[in-house]
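Morning, everyone. Please look at the screen, and I'll walk you through one model.

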Amino acid sequence: MTTDMTLATTKIILSLLYDNQGCLVFRRLEELMKKSSTVEESVLQMILFDDTIIAIKEGKEEPSGPLQICPDSVIVAKTGLRLCKKKAEECEQCEGLHLCMYHVCGVFIFRVDCTYSHSLTLPHNATLLTKYKLEALPEKQLFQLLMQNDPFLLPEESFPLDYTQK
Ligand SMILES: [Zn+2]
Ligand SMILES: [Zn+2]
């Protein structure tokens with residue numbers, strides 16, 4: 001029962017974050033959550049402090065509420081999923097997506113000779129998306145999430161937030 005609730009709530013929180021460029025101020029997230037459902041604090045706590053899916057960039061306001069999160073803290077969607085740095089044909093098995101990084105970054109360089117994959121439905125990619133529970137995410141949001149999380153895709157100094165800090 002609790003597991004079902006956790007899963008459902010995780011989905012709601014993540015889709016709220018994805019709908020807002022991958023992050024939301026905690027105050028706003030709470031407001032949006034209240035509109036859609038009532039969530040037990042314990043469930044919320046479990047999800048927000050799960051550092052495999054969420055990063056919290058601490059705010060400056062006084063922490064409040066049972067979770068002791070600053071209302072101006074930024075809640076960021078995270079994923080451990082990365083792009084594979086090798087070419088698909090040179091890679092036997094790995095834990096990275098086989099995707100062209102230019103495609104992910106939305107740089108449309110039309111090169112007929114691009115040998116990197118541009119497809120999420122590739123069996124290798126589809127398996128990984130399911131594993132990371134990202135299979136239902138629209139491509140645009142998935143690419144955004146990847147860009148925000150993969151240091152390979154974004155040089156550290158251009159990060160809007162410091163994801164390395166907890
Ligand atoms: Zn690979
Ligand atoms: Zn390409």
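Let's start with the largest nonpolar core. This is a predicted model, and that core holds 25 residues. Which residues touch the most other members? They are L17, C23, I75 and A77. Now, where does the core come from? Six elements are on the list of those giving two or more residues: α1 (2-19), β1 (23-25), α2 (26-36), α3 (41-48), β3 (74-77) and α6 (139-149). The core also draws on both domain 1 (2-77) and domain 2 (82-151), with at least three residues from each. A general point here: in soluble globular proteins, nonpolar side chains tend to be buried together.

Take L17. Skip its neighbours within four places in sequence, and L17 is in contact with G22, C23, L24, I75 and A77.

Now zoom out. The chain has 6 helices and 5 strands. From the N terminus, the order is α-β-α-α-β-β-β-β-α-α-α. There are 166 residues, and 19% of them count as buried. Next, contacts between residues at least 6 apart in sequence: 56% of these join residues at least 24 apart.

Last stop, C100. Find it in the loop between β5 (96-97) and α4 (101-104). Why does C100 count as partly exposed? Because it has 19 other C-beta atoms within 10 Å, and buried takes 20 or more. What does C100 contact, beyond its neighbours within four places in sequence? The partners are C114, Y116, S117 and H118. As for T115, it sits 15 residues from C100 in sequence, and the C-alpha to C-alpha distance is 8.2 Å.

That's my tour. Thanks.

How values were computed: Residues are numbered from 1 along each chain as its sequence is written. Chains are lettered from A and ligands numbered from 1 in the order in which they are written. This is a predicted model: local features need pLDDT of at least 70, side-chain atom pairs count only at pLDDT 80 or more; totals for chains, interfaces and linings use all residues. Helices (H or I, at least four residues) and strands (E, at least two) are DSSP runs, numbered from the N terminus. A residue is buried if 20 or more other C-beta atoms lie within 10 Å of its own, exposed if 12 or fewer, and partly exposed in between; C-beta atoms are placed from the backbone. Two residues are in contact if their C-beta atoms, placed from the backbone, lie within 7 Å. A nonpolar core is a set of buried Ala, Val, Leu, Ile, Met, Phe, Trp, Tyr and Cys residues joined through C-beta atoms within 7 Å. Domain bounds come from an automatic or database domain assignment.
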